[in-house]
Amino acid sequence: MGGVITPLLANIYLNYFDTLWEKHGGKIGELTRYADDFVVVCKTRKDAIHACKRIRSIMERLELTLHPTKTRIVGLWTGEEGFDFLGLHHRKKKAKTANGQVYYTTQQWLTEKAEKRIREVVKERLVRQGCV
């Protein structure tokens, strides 16, 4: 199933998920949702495990299931792992200020899939305009 109406229907139906998360999970982690894709950022691995259990419980109540290959706990704590969300890859990176002070930040860059799609669209448009 897919199409223009799908994100709208997902937002309508999952509004209840947002409400339940705020009521029962908001203290565990910060939810960011776009249509049927979402990420919950937690401070500790223990909180992330607890959030997964809470999310599964809410989804069960809504008679929904989580995508098995997209659902996982990613440890941003060390910067070795990252995650893809809305066409961007997110990862914790070490950076330095102008005076050499080290700090950590979350950086984003295009996923391979998003970059490939952009290249295809640009190439298609250039061909249509006779530029290639």
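Started with the largest pocket: I get a volume of about 1500 Å³. For the record, a pocket here is an open set of points on a 1 Å grid over the protein atoms alone, where a 1.4 Å probe fits, with protein on both sides within 12 Å along at least five of seven lines; lining residues have an atom within 4 Å of a point. Points are joined across faces, edges and corners, and the volume is the space filled by probe spheres set on them.

I looked up the lining next: 43 residues, with Phe38, Val39, Lys70, Asp84 and Phe85 the closest to the centre. Strand β2 gives the largest share, six residues. I also noted that α1, β2, α2, β3 (82–85) and α3 (112–128) each supply at least two. Helices (H or I, at least four residues) and strands (E, at least two) are DSSP runs, numbered from the N terminus.

A note on the source: this is a predicted model, where local features need pLDDT of at least 70 and side-chain atom pairs count only at pLDDT 80 or more, while totals for chains, interfaces and linings use all residues. Residues are numbered from 1 along each chain as its sequence is written, and side-chain values use heavy atoms, with hydrogens and water left out.

I checked confidence (pLDDT, per residue, from 0 to 100). The chain mean is 89, and 95% of residues reach 70 or more.

On to α2 (45–61). Which of its residues are buried? I find Ala48, Ala51, Ile55, Ile58 and Met59 (buried is under 20% relative accessible area, exposed over 50%, partly exposed in between, with a 1.4 Å probe and protein chains only). The face turned away carries exposed Lys46, Lys53, Glu60 and Arg61. After the helix comes Glu63, with a positive phi near 60 degrees.

Ala35, in the loop between β1 and β2, has about 55 degrees without being a glycine, and is buried at 7% relative accessibility. Leu86, in the loop between β3 and β4 (88–96), is near 55 degrees but partly exposed at 47%.

Last, Asp36, also in the β1–β2 loop. Beyond four places in sequence, I see contact (heavy atoms within 4.5 Å) with Ala10 and Leu14.

Terms used: pLDDT = per-residue confidence, 0-100.
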